[in-house]
Amino acid sequence: YLKANQEEGPMKIRDVMTTSPKYCLPSDSASKAARIMRDMDTGIVPIVENEQDRKLIGVVTDRDLCLAVIAEARDPQTVQVGDCMTSALVCCTPDDDVQKAIDFMRENQVRRIPIVDRHGTLQGIVSMADIVERSDISSGRIHETLKKICEPTQDASKPRAQMRKSA
């Protein structure tokens, strides 16, 4: 498979991403997001505008919940994810090369990137774990990306470099 894929060109995000991730609406509680994280074994939950078009408007991470809810002694049942989500998004599309996702992860010090179509509709999530497990990216390139992601920073869990959005 890898040999055939190399002949076809760079591996695409659609080949490695997690599809149909669970998501929240901005009015959902921080508790609901935390339960999704627990049940789906993930550290990120996409936030969509509404159930009908699933337009991505933000993400909430386990770190966002910890810093904006728990550390502030706020009630996770009453805090809405819209009040603690990150709305400055770094996104890719299913047809982007996996290398683009790795570059965005390194530049923005994030381990997960939402995947949207050209209309901004949520399609999936690609994580560093997805790339490690399912791609043909070299271990050296992955190692360098992880080193950059893990560098100390003053920022919380927001995209930390220049904000970009792929469309």
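## Helices, strands and one buried aspartate

In this predicted model, the axes of helix α2 (residues 30-40) and helix α3 come within 10 Å and cross at roughly 145°. Two packed helices are described by the angle between their axes and the distance between the axes. The crossing of α2 and α3 is also left-handed. On the α2 side, the contact is made by Ala30, Ala33, Ala34 and Met37. Helix α3 contributes Asp62, Leu65 and Val69. By kind, these residues divide into six nonpolar, no polar and one charged.

The protein has six helices and five strands. Followed along the sequence, these elements give the pattern α-β-α-β-β-α-α-β-β-α-α.

Strand β2 covers residues 44-48, and five of its five residues are buried. In a regular strand the side chains alternate between the two faces of the sheet. In β2, Ile44, Pro46 and Val48 point one way, while Val45 and Ile47 point the other way. The residues on both sides of β2 are buried.

The partner of β2 is strand β3, residues 56-61. The two strands run antiparallel and are joined by five bridges.

Strands of a sheet pair through backbone hydrogen bonds, either parallel or antiparallel. Between β1 and β5 (residues 122-127) there are two bridges, again in the antiparallel sense. Here threonine 18 stands opposite isoleucine 125 of β5.

The loop between α3 (62-70) and α4 (98-108) holds aspartate 96. Is aspartate 96 buried or exposed? Residues under 20% relative accessible area count as buried; aspartate 96 has 13% relative accessibility, so it counts as buried. The side chain of aspartate 96 reaches the backbone nitrogen of threonine 93 at 2.8 Å. Aspartate 96 can also be compared with a residue from another part of the chain, methionine 11. The two are 85 residues apart along the chain, and their C-alpha atoms are separated by 8.6 Å.

Two figures describe the protein as a whole. It has 167 residues, of which 43% count as buried. Among contacts with a separation of 6 or more, 62% are between residues 24 or more positions apart.

Terms used
Residues numbered from 1 in each chain as written. Predicted model: local features only at pLDDT ≥ 70, side-chain atom pairs only at ≥ 80, totals over all residues. Heavy atoms only, no water. Buried < 20%, exposed > 50% of the residue type's maximum accessible area, 1.4 Å probe, protein only. Helix = DSSP H or I, 4+ residues; strand = E, 2+ residues; numbered from the N terminus. Pairing = 2+ DSSP bridges. Polar contact = N/O pair within 3.5 Å; in protein donor to acceptor, adjacent residues only side chain to side chain. Axes fitted to C-alpha atoms, helices over the stretch in contact; angles between N-to-C directions. Left-handed = near helix turned anticlockwise from the far one by under 90°. Contact = heavy atoms within 4.5 Å. Nonpolar A, V, L, I, M, F, W, Y, C, P; charged D, E, K, R; others polar.
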